[in-house]
Amino acid sequence: MQVTIPSVDVLWGIDNSCPMIEEQISLTDNFNEFVGYFVNSDLDYHIGVVSIDWKDRRGKLQVSNEVKGIDDTVANSTEVFKEMAVLGTDGSAYKKALVQRFC
C-alpha cells in the first residue's frame, strides 16, 4: 500500500509600492496564525514570497539567510517570513510579477 502525503504550495505576492508598508507589517504580524494551520498538519507544505514589483525584484523568490521557502524544516518561520515579506515601499507602481521555480 502506497501512502500519499497531501501537499500544498503557497506563494505570497507582496506589493512593495507606496504606501503598502502598513499592509506588509499587518501580514507578517498575522503570519503565525496562518502558518499554524500547516504546522503539525501532516501536509507537505512550501511557502514562498515574491515581490510583484516589475522594476527591481522581477518576481524572484525572496531569500532569508539562504532560505528560499518556508516548510516544516525551517525554524522560526514567522521571523523568516517577516524578513522575506517586509519589502518596503520603493517598488514600482507597475505590477507584473514573474515567478521563478521554487525548487
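This is a predicted model: local features need pLDDT of at least 70, side-chain atom pairs count only at pLDDT 80 or more; totals for chains, interfaces and linings use all residues.

**Overall picture**

Among contacts in the protein chain with a separation of 6 or more, 71% are between residues 24 or more positions apart. Contact here means heavy atoms within 4.5 Å. Residues are numbered from 1 along each chain as its sequence is written, and side-chain values use heavy atoms, with hydrogens and water left out.

The protein chain has three helices and two strands, and along the sequence they follow the pattern β-α-α-β-α. These elements are DSSP runs numbered from the N terminus, helices being H or I with at least four residues and strands E with at least two. The chain has 103 residues, and 33% of them count as buried. By definition, buried means under 20% relative accessible area, exposed means over 50%, and partly exposed lies in between, with a 1.4 Å probe and protein chains only. The accessible surface of the chain is about 6,700 Å², and carbon and sulfur atoms contribute 50% of that surface. Such areas come from the Shrake-Rupley method with a 1.4 Å probe, and for residues only the protein chains shown count as cover.

Let me turn to helix H3, residues 77-85. Which of its residues are buried? They are Ser77, Thr78, Val80, Phe81, Met84 and Ala85. These residues lie on the same side of H3, because they cover an arc of only 160° around the axis. The arc is taken from the directions from the helix axis to the C-beta atoms. The cover over the buried residues of H3 includes E1, helix H1 (21-29), helix H2 (31-36) and strand E2 (44-51).

The largest nonpolar core has 15 residues, and those touching the most other members are Phe31, Ile47, Val49, Ile70 and Phe81. E1, H2, E2 and H3 each give at least two residues to this core, and H3 supplies the largest share, four residues. A nonpolar core is a set of buried Ala, Val, Leu, Ile, Met, Phe, Trp, Tyr and Cys residues joined through side-chain atoms within 4.5 Å. Valine 49, leaving aside neighbours within four places in sequence, contacts several residues, among them Leu11, Trp12, Phe81, Met84 and Ala85.

**The aromatic cluster**

Rings of Phe, Tyr and Trp (its six-membered ring) pair if their centres lie within 6.5 Å; planes under 30 degrees apart count as stacked, over 60 as edge-to-face and the rest as tilted. By this rule there are seven aromatic pairs. Why is the pair of phenylalanine 34 and phenylalanine 38 edge-to-face? Their ring centres are 5.3 Å apart and their planes stand at 65°, so the pair falls in that class. Phenylalanine 34 is partly exposed, at 29% relative accessibility, whereas phenylalanine 38 is buried, at 7%.

One aromatic cluster is formed by Trp12, Phe31, Phe34, Tyr37, Phe38, Tyr45 and Phe81. Tryptophan 12 belongs to strand E1, residues 7-14, and is partly exposed, with a relative accessible area of 23%. Its C-alpha atom is separated by 6.1 Å from that of glycine 48, 36 residues apart along the chain. Not counting residues up to four places away in sequence, tryptophan 12 touches residues including Leu27, Phe31, Phe34, Gly48 and Phe81.

**Loops and backbone**

Finally, the loops. Serine 64 sits in the loop between E2 and H3 and is buried, at 2% relative accessibility. Its side chain joins that of glutamate 83 through a polar contact of 2.4 Å. A polar contact is a pair of N or O atoms within 3.5 Å; within protein, one must be able to donate a hydrogen and the other to accept it, and residues adjacent in sequence count only if both atoms are side-chain atoms.

Most residues other than glycine have a negative phi, and most peptide bonds are trans. Asparagine 65 has a positive phi, near 50°, and asparagine 76 has a positive phi of about 55°. Asparagine 65 is exposed at 68%, and asparagine 76 is exposed at 51%. The peptide bond from cysteine 18 to proline 19 is cis, with omega near 0°, and proline 19 lies in the loop between E1 and H1.
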